[in-house]
Amino acid sequence: MRKLPRAFYDRDTVTVARELLGTLLVHVCEGVQRVGRIVEVEAYLGPHDLAAHSSKGLTPRTRVMFGPPGHAYVYMIYGMHFCMNVVTEHQGHASAVLLRALEPVHHVQGATRGPALLCKAMGIDRRMNGHDLLSDELYIGAPRTPPPIRIVPARRIGVDYAGRWAQRLLRFYIKDNPFVSQR
DNA sequence: TGCACGATGAAC
DNA sequence: TTCATCGTGCAC
């Protein structure tokens, strides 16, 4: 499988978010290669985006978002779940794409509709925070023959506190795909 | 040093 | 609609 190069991530975050749809997330964990097709994502544009964690500035938690593109930003939410992002754009821009739902492809067990369920099913936790996505353990690949897809823009989930930023259509999912999260 | 709250999910 | 559960960021 063709591993997405650094240059893929080092672009406009909305472009990266849209083009991530249909690609394959791969995590090799304890000898097991888990693969899932990305079917739903959200773009977080940077410190000016009040829904983005990086809007709090450079802190120990948001450090990875401020780093170079093509790395995993994994954080704990509600004291019990993990969510995975892909860092985008050049160093210091502090933007990322949240992976919200997967379609199981290989060695994926359990529900994958929702950012925390996705991480659980793929075996991704805080240990993967800051991990390079050009590594052999965790990466995203392009399918050889990507099927045509229709992309639907929507409001991001759970960011009502972000004022007008909550209204922006920065969530994207594959139309009619049954693995897109409900809500 | 304390405290309110969250890019969620599941149960009721 | 409520709750589980804890790291973060910010107030004091």
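1. Start with Tyr161: an N or O atom in its side chain sits 2.4 Å from a phosphate oxygen of DNA strand B. That counts as a polar contact (a pair of N or O atoms within 3.5 Å; within protein, one must be able to donate a hydrogen and the other to accept it, and residues adjacent in sequence count only if both atoms are side-chain atoms). The elements giving two or more residues to the surface near this strand are strand 4 (72–77), strand 5 (81–88), strand 6 (95–106) and helix 3 (115–122). These are DSSP runs numbered from the N terminus, helices being H or I with at least four residues and strands E with at least two.

2. Before going on, keep in mind that this is a predicted model: local features need pLDDT of at least 70, side-chain atom pairs count only at pLDDT 80 or more, and totals for chains, interfaces and linings use all residues. Residues are numbered from 1 along each chain as its sequence is written, chains are lettered from A and ligands numbered from 1 in the order in which they are written, and side-chain values use heavy atoms, with hydrogens and water left out.

3. Backbone atoms also reach the phosphates of DNA strand B. A polar backbone atom of Pro115 is 3.3 Å from a phosphate oxygen, and one of Gly114 is 3.5 Å from a phosphate oxygen.

4. How many residues surround DNA strand B? There are 21, and the closest are His53, Tyr75, Tyr78, Asn85 and Tyr161; near means that a heavy atom of the residue lies within 4 Å. By class, that surface has 14 nonpolar, six polar and one charged residues. Here Ala, Val, Leu, Ile, Met, Phe, Trp, Tyr, Cys and Pro count as nonpolar, Asp, Glu, Lys and Arg as charged, and the others, Gly among them, as polar. Sugar or phosphate supplies 50% of the DNA strand B atoms within 4 Å of the protein, and bases supply the rest.

5. Around DNA strand C you'll find Lys56, Thr59, Arg61, Tyr78, Gly79 and Met80. A polar side-chain atom of Thr59 is 2.4 Å from a phosphate oxygen of DNA strand C, while a backbone N or O atom of Tyr78 is 2.4 Å from a base oxygen of DNA strand C.

6. Met76 stands opposite Phe82 of strand 5.

7. On the core: the largest nonpolar one has 52 residues, of which Leu20, Leu25, Val41, Met84, Leu99 and Ile124 touch the most other members. Strand 6 gives the largest share, six residues. Such a core is a set of buried Ala, Val, Leu, Ile, Met, Phe, Trp, Tyr and Cys residues joined through side-chain atoms within 4.5 Å.

8. Is Arg37 buried or exposed? Arg37 is buried, at 14% relative accessible area (buried means under 20%, exposed over 50%, partly exposed in between, with a 1.4 Å probe and protein chains only). Arg37 belongs to strand 3 (residues 32–44). Beyond its neighbours within four places in sequence, its contacts include Glu103, Asn177 and Thr23, contact meaning heavy atoms within 4.5 Å.

Methods. Pairing = 2+ DSSP bridges.
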